[in-house]
Amino acid sequence: MKEKITSSQNKRVKQWRSLTTKKGRQQTQTYLLEGWHLVHEAILAHQPLTAILGTAEQLAAHADVLPGGVDCFEVTDSIAKTIGDANTPQGIFATVPLPHTAPVDPHTAQGGWLFLDQVQDPGNIGTMVRTADAAGLTGVVFGRGSASRYLPKVLRSMQGSQFHVQLVEADLHDWIQTFTTRHLPVYGTNLDPQAQDYRNVDPLTAGAIVMGNEGNGMAPDLQRLTTRNLYIPIKGQAESLNVAVAAGIVMFRLFG
């Protein structure tokens with residue numbers, strides 16, 4: 001059953017628009033997926049969609065893939081352009097409940113992990129989550145001060161990898177200390193006198209890499225907790241590497 005909405009003042013439209021904000025997501029306990037690629041990835045990952053909304057053209061184009069039993073809403077092209085925040089909206093969206101599963105416990109976490117310390121740029125975060133997925137890591141921990149995983153730009157840049165790895169929001173102090181207590185190595189990525197060339201570290205089956213803020217790097221108190229800090233030798237004139245590029249190099253070296 002499909003409901004058609006033509007008024008931009010419809011209460012559902014206002015609610016969908018609010019999902020691009022933290023307040024709107026908290027009030028509804030849902031978040032918004034924008035674009036067919038993300039909606040399709042959510043369907044393939046059996047995410048519990050609460051609604052699908054799109055233009056007549058988009059809903060018809062994907063009718064054979066859309067799951068049954070989910071509320072479906074047809075909206076006008078003009079309404080679709082106002083719901084999300086993409087520069088070139090595709091005209092199809094889905095709403096998904098915020099997860100309420102028990103948080104991952106660092107005392108029992110397995111495999112490789114990426115820890116994000118105050119990383120702010122949505123594109124960097126998305127690229128790192130996708131790379132963690134590609135390198136076979138178990139999950140990514142968003143430390144305090146990092147951008148929300150539900151920001152529209154973060155969701156789009158993750159490209160569906162958020163459905164393939166575990167995403168956690170937690171205090172990195174707890175995770176790093178718990179991992180090192182368990183004798184799981186945690187490597188930071190800041191240059192210090194004791195830092196080691198990343199190429200001289202043996203590959204891991206379990207442990208973590210910490211990537212710091214784009215401008216300031218890792219917080220000093222976290223640097224002191226790591227097993228060791230690693231650096232990537234720069235042969236040319238560049239002052240530094242983009243944080244997502246650096247993360248990719250180290251992740252594939254240690255876990256890939």
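The legends below describe several close-up views of one predicted protein model.

Residues are numbered from 1 along each chain as its sequence is written. Because the model is predicted, local features need pLDDT of at least 70 and side-chain atom pairs count only at pLDDT 80 or more, while totals for chains, interfaces and linings use all residues, and side-chain values use heavy atoms, with hydrogens and water left out.

**View 1**
Helices (H or I, at least four residues) and strands (E, at least two) are DSSP runs, numbered from the N terminus. The C-alpha atoms fill a box of roughly 65 × 40 × 30 Å, taken along the principal axes. Of the 256 residues in the protein, 50% are buried, where buried means under 20% relative accessible area, exposed means over 50%, and partly exposed lies in between (1.4 Å probe, protein chains only). A contact means heavy atoms within 4.5 Å, and among the contacts between residues at least 6 apart in sequence, 75% join residues at least 24 apart.

**View 2. Seven strands form an open sheet with parallel pairing.**
The strand order is β8-β7-β6-β11-β9-β12-β10, and the edge strands, each pairing on one side only, are β8 (166–169) and β10 (196–197). Two strands are said to pair if DSSP finds at least two bridges between them. Within this sheet, β6 (residues 112–116) and β7 (residues 139–142) are joined in the parallel sense over four bridges, and Leu116 stands opposite Phe142 in β7.

**View 3. Helices α6 and α8 lie across strands of the seven-stranded sheet.**
Helix α6 (residues 122–134) lies across β6, β7, β8 and β11 (207–211), and its direction makes an angle of about 150 degrees with β7. Helix α8 (residues 172–181) lies across β6, β7, β8, β9 (186–188) and β11, running at about 150 degrees to β6. For these angles, axes are lines fitted to C-alpha atoms, for helices over the stretch in contact, and the values run from 0 to 180 degrees between N-to-C directions.

**View 4. Pro193 lies in the loop between β9 and β10.**
Is this residue buried or exposed? Pro193 is exposed, with a relative accessible area of 76%. Although Pro193 and Asn229 are 36 residues apart along the chain, their C-alpha atoms are separated by 9.4 Å.

**View 5. A second open sheet has five strands and mixed pairing.**
The strands follow the order β1-β4-β3-β5-β2, with β1 (2–5) and β2 as the edge strands, each of which pairs on one side only. From one strand to the next, the twist averages 25 degrees. Strands β3 (residues 51–54) and β4 (residues 71–75) pair in the parallel sense over four bridges, and the bridge partner of Gly54 in β4 is Glu74. Helix α1 (residues 11–18) lies across β1, β2, β3, β4 and β5, running at about 90 degrees to β1.

**View 6. Strand β2 (residues 30–34) is largely enclosed by the rest of the structure, because five of its five residues are buried.**
In a regular strand the side chains alternate between the two faces of the sheet. Both faces of β2 are covered, with Thr30, Leu32 and Glu34 buried on one side and Tyr31 and Leu33 buried on the other. Strand β2 runs antiparallel to β5 (residues 92–97), to which five bridges join it, and Leu33 stands opposite Ala94 in β5.
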